[in-house]
Amino acid sequence: MSLGAVVVILVVALSAAAAPVIMPYDPDEPDAEHALERPSLRHWMGTDLYGRDQLTRIVHAGRVDLLVALAATAIALSLGSVLGAISGYRGGWTDQLLMRAIDTIQAFPSFILAMGIAAALGNRLSNIVIAIAITHVPIYGRLVRGEMLRVREMEYAEAARTVGNRRRRIIFHHLLPNCLPPVVVQATLAMGFAILTVAALSYIGLGIRPPTSEWGAMTAEGAGYIVSGEWWVFLFPGTAIMATVLSFNLVGDALRDVLDPRMKGV
Amino acid sequence: MHFPLRSWLPGRAPRVVHALDGVTLHVDAAETLGLVGESGCGKSTLARCVLRLIEPTAGRVRFEDTDLTALGEEEMRRRRRDLQMVFQDPTASLNPRLSVAATVEEPLALHTELTTEARRARVDEVLDEVGLGAGLRDRYPHQLSGGQRQRVNIARAIATRPRLVVLDEPTSALDVSLRARVILLLRELKRRIGMTYLFISHDLSTVRYLCDRVAVMYLGVVVEEAPAGELFDHPAHPYTRALLSCIPIPDPDAVPERLTLTGEVPSPVDVPSGCRLRGRCPLAQPVCAEPVPVRLVAPGHTVACHLA
Amino acid sequence: MTPLLAVEDLTIHFDTEDGVVHAVDGAALAIGPGEVVGLVGESGSGKSVTALAILRLLRPPARVTSGRIRFDGRDLLALSEEEMRAVRGARISMVFQSPRTSLNPVLPVGRQIERLLVRHRGARPAEARAQAVAMLREAGLAEPERRARQYAHQLSGGMCQRVMVAMALATNPRLLIADEPTTGLDVSIAAQILDLLRDLGRRTGAAILLITHDLGVVARLCDRVVVMHAGQTVEWAPVRGLFHAPAHPYTRALIRSIPRVDRAVAMEPIAGVVPSLLAPPPGCRFASRCDLVRTQCAAGAPVRTVEAEHRVACVAVAGV
């Protein structure tokens, strides 16, 4: 099953990357003659209100969604892990300060916070990435801190000190890598959440601005047409979100097993 | 190397755990000093104080004319080239993500100026010395047996040819037959390279086999110190005698004179005044409440007891 | 004298991903009423597995593939689970290695003993409470009423082990199996626990099967000894006979490999390594490490009698 998930992600990612080359239609250009056409051989996923080919739009949208999710996750992971590692290893005031900062972020419902930041900073792509990243930092921070608390009591942490390592190297070279396996799993799950957040933000209009295609925005548009019977406008982008997020989850589970150091050297 | 020191680990304030109290010991070059005692006696704390993994509250650790306790952090770090430790749990003391070669190479990378090639060669040399083939260099800890892991520990400790190696219960976590091999390895290294060991253990028979001199600790103080044979054949302190008499001897006809201590070890927070064994010692006298003198009962054999 | 417990030709396999582990191969031993028998071997020798088999505590992937365990005139391996439950804890009980983790952490220790008494002796709650306290006192716990109300984590390792002993003997079993009962305990506490086992055993008339790798403990406590190596039982002897005239090459090597506290000895580790139990060599499993090995060893080791009560499974030893 996880193999299937990997395949899905690869397909999404590769097609997203190659989108401008492989997609026959222009995602942004309206073609009023063919508005709201059902799925057919010409338009495999039908067209939207402006006559734009859905399939093309969905694949292009993949670029945006994946990019944002990846960037946000990467930033949150790096920042959160470093903060968590330092906090966990040093304890005391450092720990208290950092953890209270993280508490503050977590006190807000994450979507509201993302909304707030996006609204405050403006709808640019980079701001959305920042907004999502900030809401995700606490997850990694706490996770890594917890792992660090466990790992720093291990004898090899003491051994690293005995051997003559400087503290910084002990934290980052020895201990942090051992804190990472749960982080990787969390990251893949979080990628899914990030995609959902972008989609949701766009759905309510705070995310990517039209005419740029984005799965959430497309789903939002499509929602208006369910009643009138043009089911394809929301179904395909919605499915794209679901399939991608699910695949990330499955890959995350599989990755955790792979990253177990017991697999190394086998 | 001298270490007179006093270390108080803070318990819940204002109670204080007297982990070590006025311990003075010395280890001569190429000698093996055994440190024995039951749990709570402070021997592990002492080991960590010697290496300054824990800071002593008072006192000094003098190593070859240098006062280690007075060194700054960076200087102390550099000194670690000469002071290494082998830990008790062979699995927990190896970083599961580092290969054998990486683990053993690290001290060389940190403390020597050797090139990568030279370090590689030295790692292979050390792996041979401890009886692991150089072929195991790319393995990871989970692919090794307990005995092999402990050898890696030892390899890491001796890679830089330290002047002193502290061994904290290096064989407790090992099976009986592995124990014998590791002990023999340690003895062999001592013979061949002239290693100086501070050997901490609760296993007295191993201590007898490996150590030149032995110090017995109880509740944070040294109660007796003597050359190994002398200590085991003519123990002077009641605690030592009690301890020895508790050890079952693999000879059904041996009937050891059982000196029993009553009660349990008191908590290191409420330490009795004078002799710490006072409440449990069957030979206790009123004078035992006074500060305890250290007496010389035979050449090289000291005892902290009023009645010696 | 009919033995209280007789293990005959016990063979136990473990089904693992890597194949079948032949953990125990044709083990045999007998315990008489009131005797203290030591089962000695290194880790991996199969001694703990054998003990668990006696109490039918083994679960898949372990399975007993052959053998009989006779107790009280019945074959324990043939009993139903219901019948076995009446035996466990009542007729045969066990003391495990790490006392703190063997005790239920959420029940006060006194209650754990009471439950046993209610279940197996049909005691009424008030009686059971009083008896539990009495057992704790007999097991050497100071202030037993107070301790009975405490939880496992509030007691020291030594005290926990006393509780385990009290629990094991509360129902007056005929056989007590003690699996490395002194691991992790300080020397002085370990000595106390061993004395406790011996005294209580004598007082209640229970037989004790003491599993250990420590020959000193065996010498101090046991009447007879059974030696195991790599899943095979190789020597059976009264304790003096074992130490003064060890017959099996493994026993001899084992005795030579331990350092001693009462005199300086040359410690010689046993040659070779324990053979892999995934693909064990046929016949005697000590052959690859033995200095007396010969071709017949691969065909199996016949049991020979060296002296009265002293038997050995070895081709190279002359029997009477």
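The legends below describe close-up views of a predicted model. Local features need pLDDT of at least 70 and side-chain atom pairs count only at pLDDT 80 or more, while totals for chains, interfaces and linings use all residues. Residues are numbered from 1 along each chain as its sequence is written, with chains lettered from A and ligands numbered from 1 in the order in which they are written.

**View 1. Chain C as a whole.**
Chain C holds eleven helices and twelve strands. Both are DSSP runs, numbered from the N terminus: helices are H or I with at least four residues, strands are E with at least two. The radius of gyration of chain C is 20 Å, close to the 20 Å that the globule rule gives for 320 residues, so chain C is as compact as a globular protein of that length. The radius is taken over C-alpha atoms, and the rule is 2.2 Å times the number of residues to the power 0.38. Along the principal axes, the C-alpha atoms of chain C fill a box of roughly 65 × 50 × 45 Å. Of the 320 residues in chain C, 50% are buried. Buried means 20 or more other C-beta atoms within 10 Å of the residue's own; exposed means 12 or fewer, and partly exposed lies in between, with C-beta atoms placed from the backbone. Among contacts in chain C with a separation of 6 or more, 62% join residues 24 or more positions apart. A contact requires C-beta atoms, placed from the backbone, within 7 Å.

**View 2. Helix α5 of chain C and its cover.**
Helix α5(C) covers residues 125-138. At 1.5 Å a residue, its 14 residues should span 20 Å, and the end C-alpha atoms are 20 Å apart, which agrees. The expected span is 1.5 Å times one less than the number of residues. C:Ala128, C:Ala132, C:Val133, C:Met135 and C:Leu136 are buried in α5(C). These residues cover an arc of only 160° around the axis, which puts them on the same side of α5(C). The arc is that of the directions from the helix axis to the C-beta atoms. Their cover includes α4 (109-121), α6 (144-148) and α7 (157-170) of chain C. Just after α5(C), C:Gly140 has a positive phi of about 90°.

**View 3. An open antiparallel sheet in chain C.**
Four strands of chain C line up as β2-β1-β4-β5 in an open sheet with antiparallel pairing. Strands pair if DSSP finds at least two bridges between them. At the edges, β2 (19-31) and β5 (74-75) of chain C each pair on one side only. Two antiparallel bridges link β4 (residues 62-71) to β5(C). C:Phe71 has C:Arg74 of β5(C) as its bridge partner.

**View 4. Strand β3 of chain B.**
Five of the five residues of β3(B), residues 32-36, are buried, so the strand is largely enclosed by the rest of the structure. B:Thr32, B:Gly34 and B:Val36 are buried on one side, B:Leu33 and B:Leu35 on the other. Five bridges join β3(B) in parallel to β9 (residues 196-201). Four parallel bridges join β3(B) to β10 (residues 213-218). B:Gly34 stands opposite B:Phe199 in β9(B) and has B:Val214 as its bridge partner in β10(B).

**View 5. Where chain A touches chain B.**
The contact takes 18 residues from chain A and 25 residues from chain B. On the chain A side, α6 (155-163) and α7 (167-203) are the elements giving two or more residues. The largest share of that side, seven residues, comes from α6(A).

Key. Contact = placed C-beta atoms within 7 Å.
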